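Subject: Structure handover

Hello,

Here is the structure I promised to pass on. Please open it and keep it beside this message as you read.

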Amino acid sequence: MLTLTINDYLRQYIRTVADWPAPGVQFRDITPLLQNPKVFRVLIDAFVHRYMDPALRPDVVAGLDARGFILGAVVAYELNVGFVPIRKKGKLPFTTVEETYELEYGSATVELHADAVKAGDRVLLIDDLIATGGTMMAGKKLLEKLGAQVIEGAAIVDLPELGGSQHLRDSGLPLFTLVDFAGH
């Protein structure tokens, strides 16, 4: 009987969509991971079991717009800690802090409520995928502006050839990812 690692098991449920959203792009679609209740539980448990360790346990989970909300909220619930959303500019109703970052063609801005975290909070920053790392780096900077300590960045998928995970590690952010698509 073939035994799969959690990483290989999850990889089977990540759909690759060729040439979307642009020609030459291999889009890694995580929605099949979410559609199957057993697979979704395995995915969430992989994160929860890691962050139950007292050395890695966060005070707060921050999720990046938008798929990071799905993962982050469930992980926060299971860890019995708070969840805060980091949103695209203009989507939060209260006083915010913002961080602008560069995209391949232009720039984008993300925001966080000014009272989302307290100085000294240990924060897990989570998203579905790390490509160039720009969104996660902007989220890290936002949280640090408010005095929080980002203990780790987490994602389901890493696309290491795009350089984002290395850039984040070089900035001092430890990373935890479950599946990488190197060479694809």
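Where does Pro 21 lie? Pro 21 is in the loop between β1 (15–18) and β2 (26–29).

Some ground rules before the rest. This is a predicted model, in which local features need pLDDT of at least 70 and side-chain atom pairs count only at pLDDT 80 or more, while totals for chains, interfaces and linings use all residues. Residues are numbered from 1 along each chain as its sequence is written, and side-chain values use heavy atoms, with hydrogens and water left out.

The whole protein

The protein has six helices and nine strands. Helices (H or I, at least four residues) and strands (E, at least two) are DSSP runs, numbered from the N terminus. The radius of gyration is 16 Å, close to the 16 Å from the globule rule for 184 residues, so the protein is as compact as a globular protein of that length. That radius is taken over C-alpha atoms, and the rule is 2.2 Å times the number of residues to the power 0.38. The C-alpha atoms fill a box of roughly 50 × 40 × 30 Å, taken along the principal axes.

Of the 184 residues, 44% are buried. Buried means under 20% relative accessible area, exposed means over 50%, and partly exposed is in between (1.4 Å probe, protein chains only). Now take contacts between residues at least 6 apart in sequence: 57% of them join residues at least 24 apart. Contact means heavy atoms within 4.5 Å.

Two helices

Look at α3 (residues 37–51) and α4 (residues 67–79). Their axes come within 10 Å and cross at roughly 55°. Axes are lines fitted to C-alpha atoms, for helices over the stretch in contact, and angles run from 0 to 180 degrees between N-to-C directions. α3 and α4 are therefore oblique to each other. Under 35 degrees counts as roughly parallel, over 145 as roughly antiparallel, 65 to 115 as roughly perpendicular, and the rest as oblique.

Residues of α3 that meet α4 include Phe 40, Leu 43 and Phe 47. On the α4 side, the partners include Ile 70, Val 74 and Glu 78. By class, this contact has 11 nonpolar, no polar and one charged residues. Ala, Val, Leu, Ile, Met, Phe, Trp, Tyr, Cys and Pro count as nonpolar, Asp, Glu, Lys and Arg as charged, and the others, Gly among them, as polar.

Arg 50 also lies in α3. It is partly exposed, at 27% relative accessible area. Not counting residues up to four places away in sequence, Arg 50 touches Leu 56, Glu 152 and Phe 176. Arg 50 and Phe 176 are 126 residues apart in sequence, yet 9.3 Å apart in space, C-alpha to C-alpha.

Loops

Val 117 sits in the loop between β6 (106–113) and β7 (122–130). Val 117 is buried, at 6% relative accessible area. Beyond four places in sequence, its contacts include Val 60, Leu 143 and Ala 148.

Most residues other than glycine have a negative phi, and most peptide bonds are trans. What is the peptide bond from Trp 20 to Pro 21, cis or trans? It is cis, with omega near 5°. Another cis bond joins Asp 65 and Ala 66, with omega about 0°.

Asp 19 and Asn 80 are not glycines, but each has a positive phi of about 60°. Asp 19 is partly exposed at 47%, whereas Asn 80 is exposed at 71%.

Best wishes
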